[in-house]
Structure formats: structure tokens, C-alpha cells
Amino acid sequence: MYFRVSPNDDDRNNNPSPPQELPEENFVMGESLDIIAKIDTDERFGTPDRILPASGRKDIKAWQKSVQVLLRTLQRPRYVATGLLPEFQQLDGRHAFIKNHQLPPYEKPEWKGDGTEENPGMEMDAKLKLYAEAMAADPAPLIEDLNARLVELDDMLYGEHYCSEGGFSLDDVDLWARLRS
């Protein structure tokens with residue numbers, strides 16, 4: 001058994017990430033939590049049910065919300081500029097991500113669309129320009145701010161290996177996935 005990464009398809013739920021596929025089962029997973037659920041519940045991937053459910057910690061959720069603008073500003077332009085991830089190696093994949101992932105201070109309704117009367121929103125050229133400007137801007141002040149916020153997060157973590165009491169959980173999956181970038 002193996003996972004296969006399928007090519008990017010911008011028409012698939014507006015999710016520019018390539019789906020993971022188990023071809024022998026004709027099973028496609030487009031979302032990362034779907035992939036985690038499959039691996040954690042299928043004995044073929046090891047001992048099942050090793051990931052605990054999310055704890056519902058409001059402090060970590062509030063912290064994530066408080067750094068959302070910082071992370072989006074720092075991470076999103078760098079995702080597409082590096083081309084290191086498979087989904088960003090093709091121009092269409094980079095454009096699909098930019099099309100569907102707004103930069104601050106814009107919200108989704110302002111960003112989505114292509115600027116036409118039928119599909120209001122921002123034109124793609126404007127989105128590309130904003131991403132290029134964000135990438136060209138000096139990140140040092142944002143990194144300094146984020147580093148200070150990471151010190152705050154450190155005080156919220158349960159321990160060295162898990163962010164919540166009880167062991168590895170969906171809290172860890174969510175938090176570390178956001179920070180890995």
C-alpha cells in the first residue's frame with residue numbers, strides 16, 4: 001500500500017493542495033485532517049488510535065488567533081516563492097494558492113473572485129502584486145514580534161513533547177502544523 005500525491009487541481013473545492021490517494025482503494029483525501037484520521041485509524045499504518053482528540057483548549061486557540069496576521073504575512077508569500085513544496089512547483093499551483101489565500105488586511109470576501117462583475121473580488125494581478133510586495137518587505141520586525149509571541153506560547157505548553165496534558169493529540173497536529181512554516 002502506498003499514498004500517491006495527485007496533481008494540483010484548482011477546481012477541487014478551491015483547495016490548492018494536492019490530494020493524497022490510496023489508489024488500490026480508490027480513496028482520495030484532500031484535507032490534511034482526513035489524511036491524519038485515515039492513518040490513525042487504519043492498522044496498516046501501525047497501531048491505530050494513537051492520536052488523542054482535541055482538548056478544546058481556548059488559550060492555545062486564542063494565541064493562534066492573535067498571531068494569525070503575523071503568520072499569514074510571513075508564511076503565505078514564502079510558500080509560493082520557494083516552490084519547495086510539490087504543490088508550488090507549477091505556476092498554476094502557485095496561482096491557485098494566491099487566488100484562494102488572502103493576505104492581511106484583506107478578508108476572504110474581498111479577496112475571492114477575479115474582479116469581474118460576475119465574480120467580484122480582487123483581480124489576480126492585484127493579488128500577485130500584493131504577494132510580491134509582502135515577499136519583498138523586510139520581515140525583521142514581524143519576526144521579532146513573532147519571536148516574542150512564541151515565548152508567550154511556550155508558557156502555555158504542557159511539556160516538551162505535547163502541548164496539552166494527556167499526550168499527543170489533535171492539539172499538537174493543529175498547532176505544530178501552523179508553526180512548521
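Which residues form one aromatic cluster? I found Tyr79, Phe88 and Phe97 in it.

**Ground rules.** I am working on a predicted model, where local features need pLDDT of at least 70, side-chain atom pairs count only at pLDDT 80 or more, and totals for chains, interfaces and linings use all residues. Numbering runs from 1 along each chain as its sequence is written, and side-chain values use heavy atoms, with hydrogens and water left out.

**Aromatics.** I counted a pair when ring centres of Phe, Tyr or Trp (its six-membered ring) lie within 6.5 Å, calling planes under 30 degrees apart stacked, over 60 edge-to-face and the rest tilted. My search of the whole structure gave five aromatic pairs. One of them is Tyr79 with Phe88, stacked at 6.3 Å centre to centre with 10° between the planes. Tyr79 also pairs with Phe97: the centres are 5.5 Å apart and the planes at 85°, so I logged this pair as edge-to-face. Tyr79 sits in helix α3 (residues 68-82) and Phe97 in helix α4 (residues 91-100), so the pair ties together parts 18 residues apart in sequence. For helices I took DSSP runs of H or I, at least four residues, and for strands E, at least two, numbered from the N terminus. Tyr79 and Phe88 are buried, and Phe97 is buried too. My cut-offs: buried is under 20% relative accessible area, exposed over 50%, partly exposed in between (1.4 Å probe, protein chains only).

**Helix α2.** I looked at residues 58-66 next and found Ile60, Trp63 and Gln64 buried. Down the axis, the buried residues fall within an arc of 100°, so they line one face of α2; the arc is that of the directions from the helix axis to the C-beta atoms. Lys58 and Lys65, on the other side, are exposed.

**Salt bridges.** I required a side-chain nitrogen of Lys or Arg within 4 Å of a carboxyl oxygen of Asp or Glu. That rule gave me nine salt bridges. Lys38 meets Glu25, with the closest N and O atoms 3.3 Å apart. This pair links helix α1 (residues 32-41) to the loop between β2 (20-22) and β3 (27-29), 13 residues apart. Lys38 counts as buried at 16% relative accessibility, while Glu25 is partly exposed at 31%.

Asp174 and Lys61 came up at 2.7 Å, N to O. Asp174 is in helix α8 and Lys61 in helix α2, so this bridge ties together parts 113 residues apart in sequence.

Where do Glu152 and Arg149 lie? I placed both in helix α7, three residues apart, about one turn of the helix.
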